[in-house]
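Biologist: I would like to go through the terms used for this model one by one, and to hear in each case what the term rests on.

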Amino acid sequence: MGPVYVRRIRVPVEAIDLNGHTNNLEYLRWMQEIALAHSAARGWTLERYRSLGATWVVRAHHIEYLRPTHAGDALLLLTWVEALGRRQSPRGYCFVRSHDLKPVVRARTQWVFVDAASGRPREIPDVFREDLQTVPDEATALAHLRNRV
């Protein structure tokens, strides 16, 4: 598995809002799910974090909605770690339509590594840095996707 994690989904009917397109809360939920899946695929399961007495919390989300999606649309959800600071890490996301790879949503989350008991930031362990490669930006992430398709 490369540094960009990809998951395929089909937008379910339950994700549709009163305007007839995917509800913004669904994208946020998918962002969290794919971040957890990417971490677990790299060996960083919830149990492993618990054994360290650590966890990640969100400092900020930025989501840009580019195109609407509808029930039944096939999407590719991409995520990647942009950088690893001392205690924080930005994670990028780009959700694209499967048939033409056009982005429908781009997003970024600033994650903070914290002590699970105190909730205070702590240093990201070196072993975590060894297990996750970084991807600097969306263009690089999309290039990884195009090389896979």
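Biologist: What makes the pairing of the side chains of T69 and Y27 a polar contact?

Modeller: The side chains of T69 and Y27 are joined at 2.6 Å, and a polar contact is a pair of N or O atoms within 3.5 Å, where within protein one must be able to donate a hydrogen and the other to accept it, and residues adjacent in sequence count only if both atoms are side-chain atoms. The side chain of T69 also makes a polar contact with the side chain of T22, at 2.5 Å. This is a predicted model, in which local features need pLDDT of at least 70 and side-chain atom pairs count only at pLDDT 80 or more, while totals for chains, interfaces and linings use all residues. Residues are numbered from 1 along each chain as its sequence is written, and side-chain values use heavy atoms, with hydrogens and water left out.

Biologist: Why is T69 called buried?

Modeller: T69 has a relative accessible area of 0%, and buried means under 20%, with exposed over 50% and partly exposed in between (1.4 Å probe, protein chains only); T69 is therefore buried. T69 is found in the loop between β2 and β3 (74–81), where helices (H or I, at least four residues) and strands (E, at least two) are DSSP runs, numbered from the N terminus.

Biologist: Is E82 buried or exposed, and why?

Modeller: E82, in the loop between β3 and β4, has a relative accessible area of 17%, so E82 is buried. The side chain of E82 is joined to that of R108 by a polar contact of 2.7 Å.

Biologist: What places V104 in the buried class?

Modeller: V104, which is found in strand β5 (residues 103–115), has a relative accessible area of 0% and is therefore buried. V104 and D73 are 31 residues apart in sequence and 11 Å apart in space, C-alpha to C-alpha.

Biologist: How do you know that R48 lies over the face of W44?

Modeller: R48 is at 3.7 Å from the ring centre of W44, and a charge sits over a ring if NZ of Lys or CZ of Arg is within 6 Å of the ring centre and within 35 degrees of the ring normal. R48 is listed as lying over the face of W44.
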